[in-house]
Amino acid sequence: MTHEYVHETRLAQPREQVFAWHERPGALPRLTPPFGGGPDQVRQAPSDGIEPGSEAELGVSVPGTFGMVHLPWTAEHGEWDPPHYFTDRMAKGPLGEWEHRHVFEETESGGTLIQDRVTVRPLPQWAGRLNDLGERMMTPQLNRIFAYRERQLKADLAFHDQHDGPRLTIAVAGSSGLVGTQVCALLETGGHTVLRMKRGATTGDGVIGWDPDKGLLNPRDLEGVDAVIHLGGASIATRFNPESKKKIMASRVDSTELLVRALGQVPAEKRPKALVVSSAVGYYGTGRGDEVLTEDSPSGAGFLAEVCREWERAAHGATAYGMRVVNVRTGLVLSPTGGLLKPQLPLLEAGLSGPLGGGQQWQSWIGLDDMAGVVAHLTLTEDAEGPFNVAAPQPVRQRDFARIVAGVLHRHAVVPTPLAGPKALLGVQATEELVAASQRVDVSRLLATGYRFRNEDLRGCAQHILGRTS
């Protein structure tokens, strides 16, 4: 039996602008939901945009007997007629046939009506389990997927309308990470050129090769670049011992110092105007309790606070070359595919979550899309300079974090979790600085730059990234 599904999205922007957004690199990562039930992970970007013959490799996550099963999915673009429509189909995957036709129509008000028309034809009857998958992916799951895509598209187009300035060339270090992937995609859909800084790679074809471990970066590769974003760094989700501490510190400070040295060797007329570098709310240290922390608050105690101080110091060196420097003091980034939320989801979904370590500590969180949006915004805003607390305007206590996210999943969060578990896994110091730290940051300085949050409250953010709207 053939299944057909149609979703309509109405946009204020004209059809040519909306179609052009879909043609640009980054569109697929921006529209791909992080939750299961459809093609939910971009493994290889489209080989040639949305033009006929272009292919992209994705993954689909489906429920199986012993948990989620991850299956490969290759999408191939077929017919297109800019700016009227384009199509893609499943070339390889778990269904008999899947075709997605994207139709763009002008509205009377000068906006755009997008019709997403999906046709699914099942495998022969002998493939009963796989056909069951097709049934499960249809209306309820496609409703979740396309509601997510609609919210993403509207918010991204609004972001680009707000930042409708010159198209820039921007180099990004840490481009393959959780945040970096989305920062690059958001900038690309705005028409900016992104050069990805990759360790050990050869410079060329949108890539700048460098090797921070060996201190190698050719200043000539940065000539003509308008801005540089540095989001790289070794994972801090580990035990803090001398070896791991050295790696965490060096991956941030040494790489930033190398970048600043190279920028200093670029001729002034060809030098980037801005350097945007990650930091973290860990700058404020542990033991801050209920204190409201602004960018003027003193740095605190602990290893991560020391890392942030040294990291910001290294980045500040670029001011000697007349560059605008931004330090992004990041809160806890939320996504089911990484960061704080990913390891918690199994317990939350099983109804086994609850206050962690008493639950009184403040958590300054931010959704992944706002995290990417803030980095792009601070890069494109010429008068943004210095440190910025980057978190949602409404921080919550940890007990409320667990309760709200569990509630979105229609679960309870009543099982208290002592710190003994995290301490056994991470050790005492890492637990105190990563899990038990209380950081209640104020983001007034960020809001004063004109940034418009997509998700200011935790419930709305959780509903969006988990595909649960009721």
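I started with strand S9, residues 169-173, and found it mostly covered, with four of its five residues buried. Buried here means under 20% relative accessible area, exposed means over 50%, and partly exposed is in between, with a 1.4 Å probe and protein chains only. Strands and helices are DSSP runs numbered from the N terminus: H or I with at least four residues for helices, E with at least two for strands.

A note on what I'm looking at: this is a predicted model, where local features need pLDDT of at least 70, side-chain atom pairs count only at pLDDT 80 or more, and totals for chains, interfaces and linings use all residues. Residues are numbered from 1 along each chain as its sequence is written, and side-chain values use heavy atoms, with hydrogens and water left out.

Next I looked up who pairs with S9. Strand S10 (residues 193-199) runs parallel to S9 over five bridges; two strands count as paired if DSSP finds at least two bridges between them. Alanine 173 has methionine 197 in S10 as its bridge partner. S9 is also joined to strand S12 (residues 227-230) by four bridges, again parallel, and there isoleucine 170 partners alanine 227.

I moved on to strand S8 (112-121), which is mostly covered, with eight of its 10 residues buried. S1 (residues 3-11) pairs with S8 in the antiparallel sense over nine bridges. In that pairing I see arginine 10 opposite leucine 113 and histidine 7 opposite aspartate 116.

Tryptophan 98 has valine 120 as its bridge partner in S8. S7 and S8 form a hairpin with five residues between them, and glycine 110 in the turn has a positive phi of about 90°.

**Cavities**

I searched the whole structure and got three cavities of 30 Å³ or more. A cavity is a set of points on a 1 Å grid over the protein atoms alone where a 1.4 Å probe fits but cannot get out, and lining residues have an atom within 4 Å of a point. Volume is the space filled by probe spheres set on the points, which are joined across faces, edges and corners. The largest cavity holds about 80 Å³.

Which elements supply at least two residues of its lining? S8 and helix H4 (139-162) do, and H4 gives the largest share with four residues. Among the lining residues I noted Thr9, His102, Asp116 and Phe146.

Why does glutamate 55 count as partly exposed? Because its relative accessibility is 34%. Glutamate 55 is found in strand S4, residues 55-64, and its C-alpha is 5.5 Å from that of alanine 75, 20 residues apart along the chain.

Methods:
On a 1 Å grid over the protein atoms alone, a cavity is a set of points where a 1.4 Å probe fits but cannot get out, and a pocket is an open set with protein on both sides within 12 Å along at least five of seven lines; lining residues have an atom within 4 Å of a point.
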